[in-house]
Amino acid sequence: MAQPQAQNNNRQTPIRIWNIPVRLFHWTLVGCFITAWLTRDNRYLDIHLFAGYLMAGLIVFRILWGVIGGPYASFRDFAFGWHEVWLYLKGVLNRRPPRFLGHNPAGSWAIYLLLTLGVLIVITGLLGLGGEEQQGPLAGWLNYPQGKLAQDLHELLAWLMLGVVGTHLIGVLVESLLHKENLVSAMLTGYKPAPANAVSAASQWKTGIAMAIIILAGGLIWFQGYLTATANQPYRPFIGPELPDNALWREECGACHLAFHPSLLPARSWRTMMEEQASHFGEDLFLEPDTVAEIKTFLVKNAAEQELTEAAWKINQSIPKSKTLLRITEAPYWLKKHRDISDAIWQNPKVNGKVNCAACHLDAEMGTFEDAAMRLPD
Amino acid sequence: MNIKLIGITALLFAIPFYAQADAISELEAKYQAQGAGPFSAAAGEALWTKTFVDAKSGDRRNCTTCHTTDLTKEGKHARTGKIIKPMAPSINPQRFTKVKKVRKWFVRNCKWVLGRECTAQEKGDVLAFLKRL
């Protein structure tokens, strides 16, 4: 284990403390955390997921590197107990903390905490993705309410991680001031002033290059859809489940407007709508009784209560059981999701009001309404 | 290519037009049975472009609100913006091939534009106007 070095050593020369993989890990992890935070709106889910998977890969790498990474990178070089952390913090309070070339005891605990939180965030994220979106490797493991729970936990853990990151930054600032050295630049260049007898870390550039290639190749594979997309065939990062379909429903309802999928309203709404087909939003549909019967059966059988999609589950949750809405656009969940859409967008000729879901939702015809299958028209 | 093949191909292409002629004559026979006729394309065109005022909303409506005045082009649903295929049978051979469909749309759209169902005479006139396009 690393020992604190004597202070006021005048014969210090810069040597490499942080090898390239450690630095690349550190700053890529920073990038992942910031990116994931900024893309927490599900509209950017594919970017958020890339940041998450990259974070998972980085953490696995760092644990491995903690065993084989050499001086200053190995866990055994910063395996401090609570007593050492306490002594170090007392030193900070007295404005005379001991100086460590590698991680100091408080910093090491921040690292363990951040790695643990990272692992938990990845796990809860995958569970939420599998439950709420029914996507990813754990798709179908959880139902929507369980997925929501995992999602809430994911957010709570992310806030905790932000707190630890903040503490870490304060720690870096305080130690930099107290020791009059720039720890941020040390993490960039790898170099710190050290006494002549100190061990230097190897650059490990081969591992660094391998990491960089894997990250770049991973990014290219993950986002390749954007490169092949055209204006007519925009890239859809997530393809939803294939939902039940009916030719008569598609023909009759789709003659005047988008054939709104049954999963978008509860069964009671569809029943009322088909019973009142002679005054359908001011128009007499004049459908034959057998047509009405077939469409009604299809609508009721696949209504929102069946929770065929995330939207179905959330729309149904949001409508009070005492209410029978006939417009999807009156569902509280719909209103919440569209409250930030400006009037200018609704009046855009390409959108033409709230009835035209497909203007922005690329998968409206399929009824899946995946979060990341959205784009506002130019 | 032999003559037979050409003949069969030509017949296959003609099927929609036979279906059209069948559906239209069936409808015309029905209207005549209700005491209407003879049918005038000019009267049909006049009705097609005539403006009605919706009693409830005060909106001015006519057939061209959605179908536009150029019936060889696509129209657009006034409320939902959904594209409507061209009305002219010369452009869209599927038009007026199904009796049920024509009946449904006459009810739905007459009620929206005129505020009432069209009479047998009106429907026959409009059909006489549209079928020649």
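**Close-up 1. Packing of helix α1 of chain A in the predicted model.** Buried positions in α1(A) are A:Ile20, A:Pro21, A:Val22, A:Leu24, A:Phe25, A:Leu29, A:Cys32 and A:Ala36. An α-helix has 3.6 residues a turn, so residues three or four places apart point the same way.

**Close-up 2. Span of helix α1 of chain A.** The helix covers residues 20–38, 19 residues in total.

**Close-up 3. Crossing of helices α10 and α11 of chain A.** Helix α10 runs over residues 267–275 and helix α11 over residues 289–301. Their axes come within 9 Å and cross at roughly 170°. Because angles over 145 degrees count as roughly antiparallel, α10(A) is roughly antiparallel to α11(A). The crossing is right-handed.

**Close-up 4. Residues in the contact of α10(A) with α11(A).** From α10(A) come A:Ala267, A:Trp270, A:Arg271 and A:Met274. From α11(A) come A:Val292, A:Ile295, A:Lys296, A:Leu299 and A:Val300. By class, 7 residues of this contact are nonpolar and 2 are charged. No polar residue takes part.

**Close-up 5. Contact between chain A and chain B.** Here 9 residues of chain A are in contact with 9 residues of chain B. The chain A side that touches chain B has 4 nonpolar residues, 3 polar residues and 2 charged residues.

Technical notes
Residues numbered from 1 in each chain as written. Chains lettered and ligands numbered in written order. Predicted model: local features only at pLDDT ≥ 70, side-chain atom pairs only at ≥ 80, totals over all residues. Axes fitted to C-alpha atoms, helices over the stretch in contact; angles between N-to-C directions. Helix = DSSP H or I, 4+ residues; strand = E, 2+ residues; numbered from the N terminus. Parallel < 35°, antiparallel > 145°, perpendicular 65-115°, else oblique. Left-handed = near helix turned anticlockwise from the far one by under 90°. Contact = placed C-beta atoms within 7 Å. Nonpolar A, V, L, I, M, F, W, Y, C, P; charged D, E, K, R; others polar. Expected span 1.5 Å × (residues − 1). Buried ≥ 20, exposed ≤ 12 C-beta atoms within 10 Å, placed from the backbone.
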